[in-house]
Amino acid sequence: MPIGFQILDRALRVIRFLLPILGLLLVWELAVRTGLAQAGILPAPSTILARAVELLGLTGERAVLFGHILASLRRALVAFALAVAVGVPLGFLLGLSEEAQLWVSPILSLMLPLPAVAWTPILLVLFGPGDLTIVIVCFLGAVFPVLYSTMQGVRACGRQPVWVVRSMGGSGLDVLRRVLIPSSLPALITGFKLGMAHSWRTLVAAEMLAALTSGLGYMIFAARSYMDVSTMFVGVVCLAAIGMLIEHVLFGTLEHVTIHRWYARDAQTGGRQ
Amino acid sequence: MTLDTAEIPRRRLPLPPMKLIRPVVSLGVLFGLWEIAARTGAISAFLFPPPSAIFAALWISAGPNGDPPYGILLDIALSLYRLLAGVGLALVLGTIIGLAIGLTGWGRAVFKPIISALMPIPTLAWTPVLLLVFGIDNRTTITVVFIAASFEIIYNVVTGIEMMTRKVYWVAASMGASRLQTLRYVVLPGILPYLITGLKLGVGYAWRALIAAEMLAASSHGLGFMIYDAQEYMDMKSIYGGILTISVMGLLIERGVIGALEKRTIEKWGVNVER
Amino acid sequence: MSNVEKILSDPVGETATLAPKPKITAEGAGIRFGSIVAVEDFTTVIREREFVSIIGPSGCGKSTLLYAIAGFLKTTSGVLKVDGKPIVKPGPDRGIVFQEFVLFPWRTVLRNITLGPEIAGLPRAEAEERARKWIRLTGLGGFENAYPATLSGGMKQRVAIARALTCEPDILLLDEPFGALDVQTKNYVMKDLQDLWIAASKTILMVTHSVQEATLMADRVLILGARPSRIVADVRIDLPHPRDPLDQRLGRYRQEVTEILSAEVDRAMKGERGQ
């Protein structure tokens, strides 16, 4: 296909994707303008956009939005880093030793159905509202996906690849470095992606419950008490957009340079031979 | 070769009694150490009340002397009601939307972009917005549950349809089946295993979202509200008791209810749902 | 006099005095997993540069035996020795090739093959130098920088063989090396393997369930019985290499092995029914 057609084709696809979303926004806008929907509860998209411009400081007001975003990102990232630091080693341990996994799994399965946010009341009593409580809650949200993915990745490796390296006279370190880590890397990246997503998703609720002055969750919850619905919607859109950027741009690229290259053919199946 | 390796068990299979012993021992050790630490004052008995005291408080709360009487049972019932209502709604609407996306061109064109735009929004971010619309009301929490459960259901229904080979439709067509008959006899049973997988994941998300929403929406009763409310009075025993109840209820729903459903369908048919 | 001594003192064929020295010695080797006996009383001597096939009904423990000689599994009775020393762990003196290739998808063809020298601590350039020889001999030239996922089954198996040979092992252990290949590819790789064996002068032990594979390439075919698995026959194939698959004499050997094997399978099935 000539390049010109390719560009046209891609543009058409983007338009076809955006059309229903734009349609929905249009219906929404009209519903508010004609008074079908109460502007006090559901502000028109144009109103929300105007508010976003204000919050970004483009109209000369104080750019409060960036401060909230940065505060939220910092907390989510610290929690994620902690989750990786704890989840990956623990995942390797439980993945390698079936015995350890069997003993620990009752405790894990008791923790799993709990939303991380459920720990907030205890943390509020222990540490009060603030960064520490929020970071711990997000950490609890992120650590399980990281742990489970690591465990699965290590398990899925199987015995034969380990045997190949062993039969070449490789040491335990060789097995770890040349087999276990690379072969569980795709699962690790999936785990990181899920972990970061969970950290980010937990963050909103944690900030609503425990933030004192900043963060997107705080911004949304604070706006609620002033009935400032437009700001609430700006916050919601920011949360979604940043979450998507992290997931697709950051981890998408990471997956692309590793998994998709190694498993050119069987990328979907997870690629064990 | 496959048979040859199959006869080498990785480790010896756990004997049935061992399967029971392990959780009892490992949880027993955890709670036992906690109990001792709290009783001897190694950790603060106020912040970390001994498990025996937590269980005792739970027991009282489940009886007529609780405050309010049968309080914890009331909370459980209300949380379950919200879960059931939201998940039921998600099951019906999610299946319909999933079928529309999987089977019709217009459904795919309209719903797919809208859903991909809505999916990245953290479920709980809806709570304050819903609070404005519905106020402190069951509808707020039920809607959060609905949102949390529906994406997984839609996604799995669509996957289920995509997984069916075209030949299945050809078989139906060669028997002279109408569109409705094809839906009834081919598509719906075909996607059932996927629907159940979606339901399982959806209920898991929904349960967690519900608890968080109950905390945020400060509704009356419900397990999430209960633990958040107890924090205001620094009633640590109730918080721990509530957390324990949430976790056990979640396990029961996932393993008991959905697990039984899976056994009767997916496992019986020998279908392997990749997720 | 023990079995082994008998075998060692008993002249093998007419060239007993010139016979190469024993490479692998098995003295009553047995492997069991819990109550399952996989291999029992396995006694034989495999001499230097001999090509020996182990054949038997599926599930008879032939791969288990190979894994034990490789050092991945331990014998639970008797002894397995290489060069007169008991096998305690895997080592680069015994290269292994699996039916499923077990290539590392994150390494290119070249880097898969240089893995052994890398582990041995050789510098990159020297490792590649060593690999080149085997890449040439296995016909992998031009594919050095391809990732395994892009290769066909036959090519993958060549990489696995080259990888094993680059470690310069004395013994090559082949675990159903042609099991995952289609017939055409299999014939090519089998021919290549014969040439390689003649060129490389290695001791080769190959596990297979195909009479054709076993008789075409091996000097000796050990037939294992169904459970409990021990040697029921040791058939010497006295034909020069390389062999022509259409050779009449080969046909007779094939028939002989097939007869012993099918009698063994019959016996095993009767035993199963009898239970």
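Helices and strands are here DSSP runs, of at least four residues (H or I) for a helix and at least two (E) for a strand, numbered from the N terminus. The model described is a predicted one. Over residues 103–126 of chain A, 67% of the chain is helix and 0% is strand, with the end C-alpha atoms 29 Å apart. This span is one of those annotated by UniProt, in an unreviewed entry, as "transmembrane region" in chain A; the annotation covers residues 76–96, 103–126, 132–151, 203–223 and 229–251.

The domain assignment divides chain A into domain 1, residues 1–35, and domain 2, residues 51–262. The C-alpha centres of these two domains of chain A are separated by 32 Å.

Two local features of chain A were examined. In helix α8 (residues 172–210) of chain A, A:R177 and A:D174 are three residues apart, about one turn of the helix. Their side chains meet in a salt bridge, with an N to O distance of 4.0 Å. A:M227 has a positive phi of about 55° although it is not a glycine. A:M227 is placed in the loop between α9 (216–225) and α10 (229–257) of chain A.

For chain B, the UniProt annotation "transmembrane region", again from an unreviewed entry, covers residues 20–38, 45–63, 83–103, 115–136, 142–161, 182–199 and 239–261. Residues 20–38 of chain B are 100% helix and 0% strand, with 27 Å between the end C-alpha atoms. For residues 142–161 of chain B, the corresponding values are 100% helix, 0% strand and 28 Å.

The interface of chain B and chain A was considered next. The contact involves 53 residues of chain B and 47 residues of chain A. Together the two chains bury about 4800 Å², and 78% of this area is on carbon and sulfur atoms. The interface of chain B and chain A has one salt bridge, in which the side chains of A:E99 and B:R22 meet at 3.4 Å, N to O. Between chain B and chain A there are also four residue pairs in polar contact, both residues of each pair being at pLDDT 80 or more. On the side of chain B that touches chain A, at least two residues each are supplied by α2 (16–40), α5 (105–118), α6 (126–134), α9 (179–216), α10 (223–232) and α11 (236–269) of chain B. The most, ten residues, come from α11(B). By residue class, this side of chain B divides into 41 nonpolar, seven polar and five charged residues.

Chain A also has an interface with chain C, to which chain C gives 27 residues and chain A gives 21 residues. The area buried between chain C and chain A is about 2400 Å², with 65% of it on carbon and sulfur atoms. In chain C, the residues that lose the most area to chain A are C:W106, C:I119 and C:A149, which together account for 28% of what that side buries. The count of salt bridges between chain C and chain A is one; C:E118 forms this salt bridge with A:R178, the closest N and O atoms being 3.1 Å apart. One residue pair is in polar contact between chain C and chain A, with both residues at pLDDT 80 or more. The elements giving two or more residues to the side of chain C that touches chain A are β6 (94–97) and α4 (115–119) of chain C. The largest share of that side, four residues, comes from α4(C). The residues of this side of chain C divide into 19 nonpolar, three polar and five charged.

Elsewhere in chain C, a cis peptide bond joins C:H241 and C:P242, with omega about -15°. C:P242 lies in the loop between β10 (231–236) and α9 (248–274) of chain C. Over all chains, the structure holds 36 salt bridges.

Methods: Residues numbered from 1 in each chain as written. Chains lettered and ligands numbered in written order. Predicted model: local features only at pLDDT ≥ 70, side-chain atom pairs only at ≥ 80, totals over all residues. Heavy atoms only, no water. Domains from an automatic or database assignment. Contact = heavy atoms within 4.5 Å. Buried area = accessible area lost by both parts, 1.4 Å probe. Polar contact = N/O pair within 3.5 Å; in protein donor to acceptor, adjacent residues only side chain to side chain. Nonpolar A, V, L, I, M, F, W, Y, C, P; charged D, E, K, R; others polar. UniProt positions renumbered as here; feature names shortened; annotations may be inferred.
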